[in-house]
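Trainee: Could we go through this structure together? I'd like to ask things as they come up.
Mentor: Of course, go ahead.
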Amino acid sequence: GSSAGDTATGDRRRRVLLFPLPYQGHINPMFQLAGLLHSRGFAVTVFHTHFNAPDASLHPAYDFVPVPVPVPNCMPDEANPDAVQATLDHILAMNRACEAPFRERLAALLEQQRTRDGVACLIADTQLLSLLDVARELGVPTLALRTGSAACFRMFAAFPALCDKGYLPAQESQLDAPVGELPPYRVRDLPSSSSSACFAVISEAISRIVTAAATSSGLILNTFDALEPAELALLRQELATVPVFDIGPLHKLSPAASNSVLQQDRGCLDWLDTQAPASVLYISFGSIASMSATDLVETAWGIANSGRPFLWVLRPGLVRGAPPESRQPPLPDGFHAATRGRGTVVRWAPQEEVLAHPAVGGFWTHCGWNSTLEAVCAGVPMMCRPSFGDQMGNARYVDHVWRIGLALDGGEVERGEVEAAVAALMDGGGEPGAGMRRRALELKSRAAETSCLNVDKLVSHILAL
Ligand code: UDP
């Protein structure tokens with residue numbers, strides 16, 4: 001057997017094959033994992049779609065294999081009113097479309113590799129079940145990368161039981177009911193939909209994620225023990241035969257370069273340099289979440305009326321109904337005049353660097369898992385406005401378990417509520433802001449103590465497959 005500290009360069013160089021799900025929040029952790037494995041001596045081959053294809057020139061050490069697929073290169077928009085359903089349909093369509101061409105390319109690669117380095121395994125996103133299946137059929141062991149929390153994975157695994165018990169699909173009158181089997185979740189923290197078609201797609205997507213892990217030789221999670229000790233212990237009991245590798249926080253441990261799908265505005269870092277410590281509210285809702293035009297107006301006036309300095313990421317496509325190709329969704333009349341000199345609005349930011357900047361004192365986030373982890377590692381307290389998938393559960397942990405942020409009420413944004421939340425979050429002297437900031441800094445130092453020990457375990461496991 002192999003021991004911790006092994007590398008893949010022993011008598012024979014080993015190659016790992018990677019297939020990220022082509023969305024920003026999934027590409028980042030997969031490339032961070034690639035960086036870690038490459039630094040341990042593995043050769044790396046990245047399979048990818050044309051949709052959100054990675055920039056190979058940023059990774060001269062890796063091989064890239066395009067898998068051309070005829071799925072539309074588009075994100076959900078107004079043409080498809082349910083963004084969640086559209087995204088999940090897109091992912092299912094990608095799975096189906098990639099299956100045959102991936103099989104062909106993988107078989108060709110295995111043929112070539114017989115005389116070169118040996119293929120150790122495929123690591124694919126848990127949302128690419130069809131491709132994990134293909135690899136195993138061709139004799140390649142698989143590991144599944146899930147880019148969410150351990151708590152979320154446990155909730156996904158319990159999803160059918162939660163449906164059987166009547167928690168789901170969520171009933172309006174039950175939203176605040178605790179999920180007794182899965183504290184601290186409440187019904188409103190579970191993925192659901194009032195449309196039965198959408199709920200069916202959500203259920204299927206979740207079931208595929210769980211199957212992808214259960215049928216693989218290991219589940220890799222971008223989390224760490226100090227953050228989710230009980231959740232990881234329970235998950236290990238529940239998964240029993242599938243080893244779980246908590247190798248996060250990946251963005252801290254890995255030497256990976258940026259893989260931003262949109263161009264980052266680095267000028268905002270210079271602007272942050274001119275601001276007082278912990279004074280700026282950073283606002284970003286990630287790469288997929290969208291809002292209505294009304295929510296945008298309320299968000300804008302909430303930020304303006306808060307009176308605080310701010311850095312706001314207004315991504316093209318953020319507002320439903322605004323043409324996605326427009327440079328940025330238009331802000332309400334008078335917003336710029338009301339906030340002149342006090343804030344900066346950008347299309348896309350270098351988020352990790354922004355959160356690590358001493359001027360940033362709070363983060364209004366949609367609670368995507370990467371954003372949540374990045375804020376945890378930077379010690380920045382959060383204001384949470386989750387919209388779908390695992391975001392509600394992440395917000396619940398931020399607000400209720402780690403107590404490093406506060407959740408806004410679900411539903412529509414209201415400027416007065418935003419103003420009050422910003423005041424509570426950013427008031428460094430008063431409670432609850434000071435308590436949240438203190439706990440966030442404690443968690444930051446716990447995150448900084450995380451070692452590469454679990455990466456060593458993963459490397460040994462891959463070498464022993
Ligand atoms: N991100 C970024 N610039 C921005 C906003 C987000 O680089 O202006 C990055 C962020 O650092 C994170 C990823 O995009 O790594 C978003 O992932 P997350 O899981 O938070 O949300 P998703 O986009 O998947 O909903």
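This is a predicted model: local features need pLDDT of at least 70, side-chain atom pairs count only at pLDDT 80 or more; totals for chains, interfaces and linings use all residues.
Trainee: Where does Met291 sit, and which residues does Met291 touch?
Mentor: Met291 is in the loop between β8 (280-284) and α10 (293-306). Leaving aside residues up to four places away in sequence, Met291 touches Leu296, Leu318, Val319 and Arg320. The C-alpha atoms of Met291 and Ser387 are separated by 9.1 Å, although the two residues are 96 residues apart along the chain.
Trainee: Switching to the core, how many residues does the largest nonpolar core have?
Mentor: The largest nonpolar core has 139 residues, and those with the most contacts inside it are Val16, Leu18, Ile123 and Ile220. Helix α6 (residues 196-214) gives the most to this core, namely nine residues.
Trainee: What does Ile220 touch?
Mentor: Not counting residues up to four places away in sequence, Ile220 touches Leu33, Ile123, Leu143, Ala144, Leu145, Phe245, Ile247 and Leu458.
Trainee: What about the ligand, then: how many residues surround the ligand?
Mentor: There are 20 residues surrounding the ligand, and the closest are Gly25, Gly286, Gln351, Gly368 and Ser371. The elements that give two or more residues to this shell are α1 (24-39), α12 (351-356) and α13 (369-378), and α13 gives the most, with four residues.
Trainee: How does that shell divide by class?
Mentor: The shell has seven nonpolar, 11 polar and two charged residues.
Trainee: What covers the buried residues of α14?
Mentor: The cover includes α4 (150-157), α13, β12 (382-384) and β13 (405-407). Nine of the 11 residues of helix α14 (residues 391-401) are buried, so this helix is largely enclosed by the rest of the structure. Among the buried residues are Arg396, Tyr397 and Asp399.
Trainee: Last topic, the backbone: which peptide bonds are cis?
Mentor: The bond from Gly248 to Pro249 is cis, with omega near -5°, and so is the bond from Glu431 to Pro432, with omega near 5°. Pro249 lies in the loop between β7 (244-246) and α8 (250-253), whereas Pro432 is in the loop between α15 (415-426) and α16 (433-448). For context, most peptide bonds are trans.
Trainee: And what is the phi of Cys367?
Mentor: Cys367 has a positive phi of about 65° although it is not a glycine. Cys367 lies in the loop between β11 (360-365) and α13, and Cys367 counts as buried because there are 30 C-beta neighbours inside 10 Å. Asn52 also has a positive phi, near 50°, but with 18 C-beta neighbours inside 10 Å, Asn52 counts as partly exposed.

Methods
Residues are numbered from 1 along each chain as its sequence is written. A nonpolar core is a set of buried Ala, Val, Leu, Ile, Met, Phe, Trp, Tyr and Cys residues joined through C-beta atoms within 7 Å. A residue is buried if 20 or more other C-beta atoms lie within 10 Å of its own, exposed if 12 or fewer, and partly exposed in between; C-beta atoms are placed from the backbone. Two residues are in contact if their C-beta atoms, placed from the backbone, lie within 7 Å. A residue is near a molecule or strand if its C-beta atom, placed from the backbone, lies within 6 Å of it. Ala, Val, Leu, Ile, Met, Phe, Trp, Tyr, Cys and Pro count as nonpolar, Asp, Glu, Lys and Arg as charged, and the others, Gly among them, as polar.
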